[in-house]
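Here are my notes for you, in numbered points. Keep the model open while you read, and find each residue as it comes up.

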Amino acid sequence: MLESERMPASPLPAADSASPTKRQRFYLPEVDGIRCIAFALVWVHHYSHGPRQGLADLKSYGWIGVDVFLVLSSFLITSLLLIENDAKGRISLSRFYSRRFLRIWPLLGLAFCLNYLVLPAIDYFPNGFHNAVLLRDLRCHAIPNLLLLGNWSAAIFVYLQYGFVGHLWTINLEEQFYFLWPILLLFVVSRPRRLLAWCGGLIVISYLARFYYVEVGFPHPALWVSTITRMDPLAWGGILALLYRERRKAPRIAWHWIGAILSVVIFVAALLLARRVLAGWQWTGAVWWKLGLADICLTIAIGCVLYSNLLAALLRLPPLPWLGKISYGLYVYHAFFAESRVSLRVAAWAANTFSPGSLFGWLLGMTINGLALVAVSALSYYAFERWFLKFKERFETILSRPA
């Protein structure tokens with residue numbers, strides 16, 4: 001990608017909201033590449049059959065991909081809002097909330113309709129609309145999810161149990177961030193140090209909240225899904241956006257071969273440290289600080305990608321950016337392809353093709369089901385999501401998709 005395609009230095013020229021061709025574009029294909037890797041981790045973690053060797057650890061700790069998504073979401077949202085303020089001299093909350101609604105809600109609504117209307121209608125599970133698990137979900141989770149508080153109902157009543165939407169509490173958590181973060185930026189956008197202080201405060205609050213959850217003994221998944229315990233990856237994404245914004249004021253060692261090597265070394269070291277932290281993971285005790293340390297490692301690794309042309313070039317290789325572009329659909333639909341009747345039959349057939357529990361049988365089944373997931377997600381993106389994305393561009397001061 002040419003240097004001119006990356007985020008320009010501040011101040012930016014005024015953006016013309018009426019003409020898409022004249023608006024500034026902020027799109028980093030390497031970020032879509034990171035999204036692809038993050039989803040791959042979640043996919044391996046949730047896939048129903050796991051290997052007894054080889055990638056068993058990756059399956060156990062693949063949940064960390066959710067934290068990668070949280071850091072990236074905060075980085076991108078904060079970057080876009082900072083650029084909008086530079087370009088227009090202000091942040092438009094109405095436009096921001098319109099963009100978020102058009103990006104998040106159409107697919108989220110479709111997923112819930114498929115899960116709670118289509119599946120019962122075809123008797124995918126016994127008893128149709130009278131299924132006890134479905135009725136429990138509606139009783140415990142319907143109102144919280146409508147109010148974007150589904151992660152809190154998951155903390156109290158455990159995840160949604162009917163069908164394949166139990167993982168979508170993360171969307172509710174992000175939506176809470178999307179609602180509050182731009183309001184905060186209105187007051188601190190021209191004071192980077194104050195924004196850094198706010199981010200630091202959110203990180204401290206998250207650590208203290210997790211420590212309290214551990215000491216009180218709240219059962220899993222309360223610590224994992226509660227907003228107050230999960231603000232640090234979002235805060236780290238905001239810090240990363242501020243640092244990336246100021247990158248041109250620092251020596252550009254990342255474009256020198258020494259800087260490129262150093263970035264790779266730090267990147268690998270951060271991942272190795274994260275792996276060390278995750279070893280023997282338990283959702284009790286030291287989790288209150290280990291989860292935070294893992295998020296720091298992930299943020300450092302992401303920062304290395306953003307600052308290193310070498311790492312960025314690797315993550316811009318096809319088809320990683322394209323898979324990252326459709327990653328929202330991949331994430332929303334993936335549980336179905338990990339646990340549905342058809343996917344379980346495919347996994348069983350693949351396992352029987354080789355010796356039971358073999359790595360190759362697991363990889364074969366996961367690849368076949370993964371390709372089906374990619375096909376459905378691509379269809380969803382081009383036939384459904386893209387129509388809302390085009391409408392979303394009417395509210396964009398800074399275009400956030402590739403040209």
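1. Start with a polar contact of 2.9 Å, which joins the side chains of Ser-380 and Tyr-333. (A polar contact is a pair of N or O atoms within 3.5 Å; within protein, one must be able to donate a hydrogen and the other to accept it, and residues adjacent in sequence count only if both atoms are side-chain atoms.) Bear in mind that this is a predicted model: local features need pLDDT of at least 70, side-chain atom pairs count only at pLDDT 80 or more, and totals for chains, interfaces and linings use all residues. Residues are numbered from 1 along each chain as its sequence is written, and side-chain values use heavy atoms, with hydrogens and water left out.

2. Where is Ser-380 found? Look in helix H17, residues 359-392. (Helices, H or I with at least four residues, are DSSP runs numbered from the N terminus, as are strands, E with at least two.) Ser-380 counts as buried because its relative accessibility is 7%; buried means under 20% relative accessible area, exposed over 50% and partly exposed in between, with a 1.4 Å probe and protein chains only.

3. Now the aromatics: the whole structure has 31 aromatic pairs. In one of them, Tyr-116 and Tyr-162 have ring centres 5.8 Å apart and planes at 25 degrees, so they are stacked. (Rings of Phe, Tyr and Trp, the last by its six-membered ring, pair if their centres lie within 6.5 Å; planes under 30 degrees apart count as stacked, over 60 as edge-to-face and the rest as tilted.) Tyr-116 lies in helix H4 (residues 93-121) and Tyr-162 in the loop between helix H6 (150-157) and helix H7 (169-188), so the pair ties together parts 46 residues apart in sequence. Both tyrosines are buried.

4. Compare that with Trp-169 and Trp-224, an edge-to-face pair with 6.0 Å centre to centre and 70 degrees between the planes. Trp-169 is in helix H7 and Trp-224 in helix H9 (residues 222-225), so to speak distant parts of the chain, 55 residues apart. Trp-169 is buried, at 6% relative accessible area, and Trp-224 counts as buried at 6% too.

5. Back to H4, which has a kink of about 35 degrees at Trp-105, shortly before the proline Pro-106. (The bend at a residue is the angle between axes fitted to the seven residues ending there and the seven starting there.) Just after H4, Asp-123 takes a positive phi of about 55 degrees.
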